[in-house]
Amino acid sequence: MRRAAKNSHAPHPSLLAVSYAGKRPFPATCPICSRTKAACLGPLQTTTDGKMGEIRLPRHMFLWSMSVVYLFAFVSLYVQIPGLYGNEGILPARWLITPTEKPLAELLQDTPTLLWLCPQLGLDIQQGLELICLLGILLSFGAMVLQPLRDSMVFLCLWVLYLSLYQVGKVFLYFQWDNLLLETGFLTILIAPLNLFRWKSSFKYHDNITFWLVRWLLFRLMFASGVVKLTSRCPTWWGLTALTYHYETQCIPTPLAWYAHQLPQWFQKLSVVGTFVIEIAVPFLFFAPIRCLRLTAFYLQVLLQVLIILTGNYNFFNLITIILCFSLLDDDQVGSWFGHGKKKKDMAHSWPQAIISWAALLIELGVYVLIIYGTRLYFELEVDWETKSMSSKTGLYRAVRTFTYHQFNHFLKMVTLPSIWIGVLSLTWEVVIAMFKCACVRGFFWKLWAIVQLAVFVTAATGIFAISLVPYTFIEYDTHSNIWPGVRKAYEMVDRYQVVNSYGLFRRMTGVGGRPEVVIEGSMDKVNWMEIEFMYKPGNVSGPPPVVVPHQPRLDWQMWFAALGSHSQSPWFSTLVHRLLQGSKDVIDLIQVDKSKYPFSQQPPAYIRAHLYKYWSHPKRWWRRQYVEEFFPTVSLGDSTLESLLWQHGIKDNSPVERSPDGPIPDALRLLRAYIQPLSGPLVLWTLFCTGAAICLLKTFCSRAPRASKPRAAPAETKRKAKDSPGTGLEKKDQGKKREEPASIQGGSKVSEERSTDADRRVWKRK
């Protein structure tokens with residue numbers, strides 16, 4: 001009976017051999033029967049095929065990177081909360097979270113945010129926002145430096161915290177990268193292991209399925225971003241001149257953007273073509289069955305994102321995109337970066353393997369040729385080396401063009417539905433592989449447990465994939481209209497939680513006739529005016545553009561959007577002017593942390609106005625500008641014009657500001673705020689990140705330090721251990737033989753491993 005109990009979960013001999021040949025480490029004893037790993041690997045440690053665990057390193061990279069991005073997001077927002085959403089901020093959050101007699105469940109259903117709990121905690125809304133950010137910072141920093149905290153429950157808390165901020169963020173938090181962070185964060189909950197109480201990570205059979213959702217999100221993000229550039233009918237994208245204006249007209253350029261703007265026009269046009277190829281054609285390689293094609297797609301996507309990071313301050317958006325690209329990697333590729341890749345075997349391949357290898361190589365070359373040929377055919381690029389110019393025959397409507405808007409619409413109709421079926425087939429393949437792995441688990445109860453887990457995550461992955469089709473098909477009307485009504489209803493139910501979103505970046509190129517910029521001026525006598533210079537957005541024509549990534553100064557970003565229209569299209573601008581006239585320190589900190597650079601640090605201005613300028617990149621200095629028109633009229637406190645604007649936009653603050661409550665938590669929040677307030681956002685952010693990165697590096701070096709060899713046990717102690725150790729007589733005999741071998745062989749030589757494996761196989765056959 002005892003022997004039968006041990007054999008009930010013993011692995012198959014073929015799986016045993018594969019497990020020894022694999023790279024995954026196994027514990028010294030089986031967690032089920034306490035036998036040695038040479039006798040039993042246990043159902044949780046059984047490797048079903050050579051592909052098991054091949055995404056472990058990319059998965060760990062993904063989880064670590066997501067904790068870093070969460071840290072960036074929470075820190076960046078924390079330093080701006082008083083000025084944006086504080087009691088004396090531009091858009092106080094207390095306007096949205098007002099006391100009511102509705103039950104808490106109904107409030108959470110209408111506006112899912114933890115700020116409804118502030119009265120129970122004795123906090124006002126501003127302190128609640130700060131507490132949420134601080135909790136997010138602590139959890140993300142802990143997940144960054146401690147692997148056990150990269151857990152599903154921890155990432156669930158991070159997602160709930162950021163969603164709570166998003167619900168009251170309004171215009172300052174309604175960016176596509178905030179939506180992308182919430183969607184990626186929700187997928188991270190499914191990808192992360194549930195090992196918070198075990199302090200030990202393990203591979204699950206559904207990991208490939210949940211990680212596949214990241215690849216599908218990457219495809220939707222990149223493909224839609226490329227498509228909307230052409231469906232928007234923007235003449236700069238169709239004329240391949242978009243990047244001629246992009247570097248100087250983007251929100252907050254970097255110093256390298258100035259140099260990129262000076263590049264020749266033919267190179268700018270070629271860069272636009274490369275952008276179309278990377279964003280429209282290359283994403284289909286994400287689902288290619290050939291590994292080299294997926295790796296090529298990975299490096300092209302990362303190249304594009306790195307170039308964007310170098311030439312523009314887009315906070316953590318491009319970092320998330322690079323993190324999504326990890327879904328295209330495997331352990332061998334990541335290991336090759338650190339010199340631990342799989343070594344090529346010297347033995348000759350069999351003829352079927354050779355045929356498959358050559359066929360894959362030919363297909364790979366054929367795909368590259370097809371992409372290059374298609375690019376040459378549709379764009380008809382012609383380079384004139386004498387005049388150093390490039391021409392193309394793309395256009396919107398003209399029949400002489402080889403690639404028109406109507407032709408692209410026809411192409412989009414043909415490719416949208418097949419792209420969905422490609423996703424269906426790719427997901428089905430991952431599910432089939434996972435089912436095969438579960439079927440190979442030994443033991444009825446362990447197999448049942450693996451199947452139950454697989455069923456849950458397959459259902460979740462299928463549901464997320466189905467509802468993601470609704471925002472994905474926004475790019476093509478006919479396909480979107482044919483979506484099953486049940487899927488639409490499910491999408492509407494989860495829309496408020498930002499589980500899936502639609503994307504489309506750089507739809508139209510703005511600032512073709514010059515970069516519009518709003519310049520605020522203040523005066524004490526209405527005669528002498530002084531400009532109020534922002535820390536990050538262009539203002540001073542002699543000042544170089546800053547590098548603030550991954551911090552996002554949200555007021556500076558909204559100032560860029562405000563310049564694209566009239567001040568009536570940006571109601572918050574009237575509140576900004578009102579707060580500056582009041583001398584709100586929290587709002588002033590958003591503009592200048594260094595009070596010496598703010599001209600009205602001693603006394604608020606009596607009058608404020610705003611003018612609209614056009615900025616251009618200057619070949620000898622950073623900027624040149626030209627006055628366009630008045631953007632906001634001259635106003636003062638109590639001015640009828642300002643009061644009417646505040647009433648008109650419904651942002652007049654008549655409710656008295658209640659005194660902040662006292663208590664240990666509010667006092668701690670005020671103390672920390674007083675310490676952080678004089679520091680700039682990038683300084684706080686990079687200080688925390690460098691601290692966490694230093695801790696991670698220190699842990700890595702300590703784990704790689706050589707450990708002192710344990711002293712050999714005395715003969716009597718060795719015999720006692722051998723006598724008390726469980727196992728069959730043959731196992732004891734093998735252990736005795738192993739003690740008689742030289743120490744060099746016992747140290748893990750190849751001969752010792754082969755002998756141990758042969759002994760284990762003999763044990764299996766005898767049983």
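Reader: Where is the place of Pro550?
Author: In this predicted model, a cis peptide bond joins Pro550 to Val549. Omega for that bond is about 5°. As for its place, Pro550 is in the loop between β4 (529-532) and α23.

Reader: Which residue forms a salt bridge with Arg59?
Author: Side chains of opposite charge can pair when their charged atoms come close. A search of the whole structure finds 14 salt bridges. In the one formed by Arg59, the closest N and O atoms are 3.7 Å apart, and the partner is Asp207.

Reader: How many residues apart in sequence are the parts that Arg59 and Asp207 tie together?
Author: Arg59 lies in helix α3 (residues 56-78). Asp207 belongs to helix α10 (residues 207-231), so the parts tied together by the pair are apart in sequence by 148 residues.

Reader: Are α12 and α14 roughly parallel or roughly perpendicular to each other?
Author: The axes of helix α12 (residues 242-249) and helix α14 (residues 265-281) come within 7 Å. They cross at roughly 95°. An angle of 65 to 115 degrees counts as roughly perpendicular, and therefore the relation of α12 to α14 is roughly perpendicular.

Reader: How many charged residues are there in the contact of α12 with α14?
Author: From α12, the residues are Ala242, Leu243, Thr244 and Tyr247, and they meet Gln265, Gln268, Ser271 and Val272 in α14. By class, this contact has four nonpolar and four polar residues. The number of charged residues is none.

Reader: At what angle do α15 and α18 pack?
Author: Helix α15 covers residues 291-311 and helix α18 covers residues 351-379. Their axes are 9 Å apart, and the angle is about 35°.

Reader: How many nonpolar residues are in the contact of α15 with α18?
Author: Cys292, Leu293 and Thr296 come from α15, while Glu364, Val367 and Tyr368 come from α18. One of the contact residues is polar and one is charged. The nonpolar residues number four.

Reader: What volume does the largest cavity have?
Author: Rolling a probe the size of a water molecule over the atoms shows where empty space is left. The structure holds ten cavities of 30 Å³ or more. For the largest cavity, the volume is about 230 Å³.

Reader: Which element gives the most to the lining of the largest cavity?
Author: The lining has 20 residues, and Val79, Gln80, Asp589, Leu590 and Val593 lie nearest the centre of the cavity. Elements giving two or more residues are α4 (81-85), α23 (554-562), α25 (585-591) and α27 (664-676). The most, three residues, comes from α25.

Reader: How many charged residues are in the lining of the largest cavity?
Author: The lining includes ten nonpolar residues and six polar residues. The charged residues number four.

Terms used
Residues numbered from 1 in each chain as written. Predicted model: local features only at pLDDT ≥ 70, side-chain atom pairs only at ≥ 80, totals over all residues. Heavy atoms only, no water. Axes fitted to C-alpha atoms, helices over the stretch in contact; angles between N-to-C directions. Helix = DSSP H or I, 4+ residues; strand = E, 2+ residues; numbered from the N terminus. Parallel < 35°, antiparallel > 145°, perpendicular 65-115°, else oblique. Contact = heavy atoms within 4.5 Å. Nonpolar A, V, L, I, M, F, W, Y, C, P; charged D, E, K, R; others polar. 1 Å grid on protein atoms, 1.4 Å probe; cavity = no way out; pocket = protein on both sides within 12 Å on 5 of 7 lines; lining within 4 Å. Points joined across faces, edges and corners; volume = space filled by probe spheres on them. Salt bridge = Lys/Arg side-chain N within 4 Å of Asp/Glu carboxyl O.
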